[in-house]
Amino acid sequence: MTAEQGIFGVAGAICAVAAVNAVFRKDTLAAAVSLVVTLLSLAVIYLGLGYEFLAAVQVGIYAGAIVVLFTVAIMILSQTRAVEILARAPRLGVVGPVVAALLFLILSAAIVRGRLPVAVAPGGATTVEAIADALFVRFLFPFEVTSVLLLAALVAAVVLTRKRSTEREWPRR
Amino acid sequence: MPTTAYLLLGAFLFALGAAGVVTRSNALSMLVSVELMLNAVNLTFVASARRFAELDGVIVAFFVIAVAAAEVAVGLAIVVDIARRHVSVDVDKASDLAG
Amino acid sequence: MTLWLVVLLPISGAVVLAVAGGRLTRRLHGVIGAGSIALSFGAVLSMATAGRGEGLRATLGPWLPIAGGDLALAIDRTGMPLALMVTGVAALIAVYSIGYLGTDSGTQRYFATLDLFVAAMLLIVLGANLAVVFAGWELVGLCSYLLIGHWRERPAAAAAAVKAFVVNRAGDAAFLVGLFAILAERRTLALDDLGGLSILTSALLLCGALAKSAQFPLHIWLPDAMEGPTPVSALIHAATMVTAGVVLLLRLGGALAPEVLAAAAGLGAFTALGAALAALAQTDLKRVLAWSTISQLGLMFVGAGIGAVFATLFHLLAHAFFKATLFLGAGSVMHATGNEQDLRRLGALGPRLRWTAPAFAAGALGLAALPPASGFFSKEAIAAAALDRPLLAVAVLATGALSALYAARLFALVFVAPAGSAVIRGAHESPRLMLVPLVALALPALGFGALVAVGGISLGVPATEGAPLALTLGAAGLALAGAGLGLLRYRRGPFELLPAGFGRAALAGFGADRALVRGGSWLVGTIAAALDRGVEATLQWSLDAVGRLILRTGARSQRLESGFVRSYEAYLLAGAVLLLAWWSLGVGTGAAR
């Protein structure tokens, strides 16, 4: 049993349990914390595969920034009233999980039939240097596009959450 | 540990996220589920990248993280907006799209 | 290209008249209408004098994607004389029409259709394949409809036009089915490549010819077609329409099954005799001529049926000249008397119409087949060809005698007998524009036969052996007897030669018209009623079903559009799962392969 196998065994199990918790907890704050655990365990798995930089980004951006954003939103919205069940609301409590299970079955059937026994192929660069080379040379254009996307998301978030003089109306100018 | 195991974990996370998106009516829980699905895809990419000794999968994972950040920012902004309009974060109350 | 010019000149005349005619004067309509036909005649004549005749082909371009489906013209053995006759006679009739129509308001319509009519007939005569011939065939039907119904405000004219069109459609339908049968049989419509067609196909083609050439039992449209302007009648009877069936038989020639040709000859003989009897009883000037045309066409069918190409062509041309003369003469008479057509009210016009009377006499001589008028030689040729079939020969000779009788009766009643009414007193000779074409046609009506008989004009078809002397004498004697009897009997005015009951039956065409129309409308009415009921019920049901289906689908699909985000997500997920399942199954089968 190599280090990689051991890391996957432990972190994978934690990840799966925490993910179930994150999805099905009624308490959104608890769900957010479970999500953090899931993301962190994924970072550990990446580490086990040898991608240190990716693991760092996972911890910093995901587990850090994104989940913090979640938590702030939860705090803002904590005063909203309890969820009301509507008569017309779609009843997907059974259908949803069944379809999802079907999806999992199909995917795993394909994966198992694909037969990829070895996890780590020999060779292949994993260093930050190689990643930087790829990101800023071969994938430079997508990288720049992504920065524009992030800017747009930033502006959108500001516009959407800003308090308006009259509710239900877009600002006219 | 065979790559199959990584991929199976990814598939499990993805299906779990999908089930959450469909069944949970709380907007925040739905966003959490979406994050889960994105991470499942990331895991699949990274494992495959390692398996084939190609860096491209990792690069894609970076992009997915960036897109996820944007998605969460806009998604949470929408949730806050919905909460203001409907005084609730239950997406089932926001059925303005009804045909 | 000269060959195509022959057809395109009248067509361009028609187009010019149709497009720009509204801005032109009436006189100019006539000049363009007659001029384009005359130019076409000139084109044919130039080809004939240049010795370029049989075997000439001209392809304008591809048309239908089948063998023998090109837009092509060709001159076969009958093409040149027929084209000359069609354009020549039509040009004279067009000139006559200028005078006849006078101040009629529809000259633009009239001359445009006239030009198209001639072009269509030329397509039938010169078309290199049956596709082109059929195009001309249909155009002829259309133009006849338009021209018979020229005075469209008259209910009788409109009804006659519709009748002609509908009866012709019956034949056209048979012709069209026959074309498809030929395609199935021979894989080509080229006229050269036909030969040995099956009985069914030949019969279908014969049906088309019967309708166009007004042979029993599809002759019923022709007497009614007299409602059109008289020059139109002349055109239909002499040059452009009724001869189309005979032309088709001649051009198909030996390709038709022998049994069908025999049937054509038999039907022709029957029609010739019956129509001659009917002509004898008519009291209307133009209807006598109409029935005589049916009768003469019957003789042509006899000739075509027994394979006497020369005799048939000869009689067709001779008939064109004398029948055109007769109709133009009749038009002149009507012009003189204020459209009086009733034979019982006419009479004593001979001294008053100094040009029309002799011209009409020339035409009547041709019709009566009195030597030396043209009809004598051509009828004799048909009789000679039919000699070895006694029944047919007797029918031909009897028809000849009857023709002489009614021709003489007609002439006597119009020009010789005492005046039947006051309209005669105001009679005046027609304008020169009408008399010149009349005389120009009367001359060949008299002399054409003799010229061909002595070899002055070659028809391009080898002449058959001369008739035996006994036949010549017998035919001449019969014609003389008939004509003499007619002149003597009718010189003093209307007289019932036939027994009264028989005369009435003959006047009505022996009831064939009535029976056919009644039977036809009963049959069609019954089928239509049954179809109507069935179709209506089916339609009603299916429309309702469609409506119900849409309503139900709408009601169901409306439930999908709940507006709940999670429902939409569920659809997305389900779709993705389905796609994945399909792909993985497809991959499985692909791997198995």
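**Reading salt bridges and packing**

Mentor: R169(C) is partly exposed, its relative accessible area being 34%. Please keep in mind that this model is predicted.

Trainee: With which residue does R169(C) meet in a salt bridge?

Mentor: Side chains of opposite charge can pair when their charged atoms come close. Here R169(C) meets the side chain of E138(C), at 2.8 Å from N to O. E138(C) belongs to helix α5 (residues 130–148) of chain C and R169(C) to helix α6 (residues 155–186) of chain C, so this pair ties together parts that are 31 residues apart in sequence.

Trainee: Which residues form a salt bridge with D224(C)?

Mentor: One is K163(C), with the closest N and O atoms 2.9 Å apart. Because K163(C) lies in helix α6 of chain C and D224(C) in helix α8 (residues 221–224) of chain C, the pair ties together parts 61 residues apart in sequence. K163(C) is buried, with a relative accessible area of 16%. Another is R287(C), where the closest N and O atoms are 3.1 Å apart. R287(C) is in helix α12 (residues 285–305) of chain C, so its pairing with D224(C) in helix α8 of chain C ties together parts that are 63 residues apart in sequence. R287(C) counts as partly exposed, at 26% relative accessibility.

Trainee: Which residues do salt bridges with shared partners join into one network?

Mentor: E138(C), R169(C), D172(C) and K212(C) are joined in this way. Over all chains, the count comes to 8 salt bridges.

Trainee: How many salt bridges are found across the interface of chain A and chain B?

Mentor: There is 1: R138(A) pairs with D56(B), the closest N and O atoms being 3.1 Å apart. For the interface as a whole, one reads the buried area and its makeup. Chain A and chain B bury about 7,300 Å² between them, with 75% of it on carbon and sulfur atoms. The contact takes 85 residues from chain A and 73 residues from chain B.

Trainee: At what angle do helices α3 and α4 of chain C pack?

Mentor: Helix α3 (residues 79–101) and helix α4 (residues 107–126) of chain C pack at about 170°, their axes 10 Å apart. Angles over 145 degrees count as roughly antiparallel, so α3(C) is roughly antiparallel to α4(C). The residues of this contact divide into 15 nonpolar, 4 polar and no charged.

Trainee: Is G21(C) buried or exposed?

Mentor: G21(C) is buried, with a relative accessible area of 0%. This residue is found in the loop between α1 (2–20) and α2 (26–49) of chain C. Beyond its neighbours within four places in sequence, G21(C) is in contact with V16(C), H29(C) and Q108(C).

Technical notes: Residues are numbered from 1 along each chain as its sequence is written. Chains are lettered from A and ligands numbered from 1 in the order in which they are written. This is a predicted model: local features need pLDDT of at least 70, side-chain atom pairs count only at pLDDT 80 or more; totals for chains, interfaces and linings use all residues. Side-chain values use heavy atoms; hydrogens and water are left out. Axes are lines fitted to C-alpha atoms, for helices over the stretch in contact, and angles run from 0 to 180 degrees between N-to-C directions. Helices (H or I, at least four residues) and strands (E, at least two) are DSSP runs, numbered from the N terminus. Angles under 35 degrees count as roughly parallel, over 145 as roughly antiparallel, 65 to 115 as roughly perpendicular and the rest as oblique. Ala, Val, Leu, Ile, Met, Phe, Trp, Tyr, Cys and Pro count as nonpolar, Asp, Glu, Lys and Arg as charged, and the others, Gly among them, as polar. Buried means under 20% relative accessible area, exposed over 50%, partly exposed in between (1.4 Å probe, protein chains only). Contact means heavy atoms within 4.5 Å. Buried area is the accessible area (1.4 Å probe) that two parts lose on being put together, summed over both. A salt bridge is a side-chain nitrogen of Lys or Arg within 4 Å of a carboxyl oxygen of Asp or Glu.
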